[in-house]
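Here is a short report on one protein chain.

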Amino acid sequence: MLVFACETPEQPEEQVVPDIKVSSESQSAFSSGIDFGASSGSQTQSFSLTFTATDAWQASVVQTKAPDWVSVQPASGNAGTVNMTVTVQPNPGEADREAVVTLTCGNVRKSFTVRQAGTPPVVVAVTGITLDRTSVSLTEGQQVTLTATVEPADATDKTVTWTTSNSG
């Protein structure tokens, strides 16, 4: 009896070279960053970008001005094309804020900056000024104090400038 056996030579495992390729539509996010304007109330803002990873990847967020206001989804994954959404929470403060998102695939890193404008202060305009007296008569040397009340009570600038048309 003759027995023949064929062995298939083992193929060397293909070496994956880690890389992150950013789509042409998303290049500006990586070169110039993503800028969000001021937002109000509970309105979130988002931006989508696309890249391709040749191996497992993950995203990390370094926030330099405030914690927990920017997030990315997905935050990690396997090789393939990724559609990532960057979401920012409303910025209730006046100060701008900034974060850096870094994608890592093996030893390859690509980063982009996320910036969000602060909320400008609300200016409440003066609607009127009333005096505590409607008229007063004085003789030479007498003094009287006038009190001005600015409306509305929450006006941004309540400065009152006193002038006279007759300094005599």
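How many bridges join E2 to strand E9, and do they run parallel or antiparallel? Three bridges join the two strands, and they run parallel. Strand E9 covers residues 108–116. Across this pairing, Asp 35 stands opposite Arg 115 in E9. Note that the model is predicted.

**The sheet**

E2 and E9 belong to an open sheet of five strands. The order is E2-E9-E8-E4-E6, with mixed pairing. Strand E2 (34–36) and strand E6 (76–77) are the edge strands, and each pairs on one side only. In general, strands of a sheet pair through backbone hydrogen bonds, either parallel or antiparallel.

| Strand | Residues | Residue of note |
|---|---|---|
| E8 | 97–105 | Thr 104 |
| E9 | 108–116 | Arg 115 |
| E10 | 128–131 | Ile 129 |

**The whole chain**

From the N terminus, the elements run β-α-β-β-β-β-β-β-β-β-β-β. The chain has 168 residues, and 24% of them are buried. Take the contacts between residues at least 6 apart in sequence: 62% of these join residues at least 24 apart. The accessible surface comes to about 12000 Å². Carbon and sulfur atoms account for 49% of that surface.

**The core**

In soluble globular proteins, nonpolar side chains tend to be buried together. Here the largest nonpolar core has 25 residues. Leu 49, Phe 51, Trp 57, Met 84, Phe 112 and Val 114 touch the most other members.

Which residues does Leu 49 touch, leaving aside those up to four places away in sequence? They are Ser 26, Ala 29, Phe 30, Ile 34, Val 82, Asn 83, Met 84, Val 86 and Phe 112.

**A threonine in E8**

Thr 104 lies in strand E8. Is Thr 104 buried or exposed? Its relative accessibility is 15%, so Thr 104 counts as buried; the cut-off for buried is under 20%. Beyond four places in sequence, Thr 104 touches Ile 20, Ala 56, Trp 57, Gln 58 and Arg 109. Trp 57 is also one of the core residues named above.

**The surface**

Which residues form a nonpolar patch on the surface? Val 126, Ile 129, Leu 131, Leu 146 and Trp 162 do. Together they have about 460 Å² of accessible area. One of them, Ile 129, sits in strand E10.

Technical notes
Residues numbered from 1 in each chain as written. Predicted model: local features only at pLDDT ≥ 70, side-chain atom pairs only at ≥ 80, totals over all residues. Heavy atoms only, no water. Patch = residues over 30% accessible without salt bridge, like charges linked within 9 Å, V, L, I, M, F, W, Y side chains within 5 Å. Areas by Shrake-Rupley, 256 points an atom, 1.4 Å probe, with all protein chains shown as cover. Salt bridge = Lys/Arg side-chain N within 4 Å of Asp/Glu carboxyl O. Helix = DSSP H or I, 4+ residues; strand = E, 2+ residues; numbered from the N terminus. Buried < 20%, exposed > 50% of the residue type's maximum accessible area, 1.4 Å probe, protein only. Contact = heavy atoms within 4.5 Å. Pairing = 2+ DSSP bridges. Core = buried A, V, L, I, M, F, W, Y, C linked by side-chain atoms within 4.5 Å.
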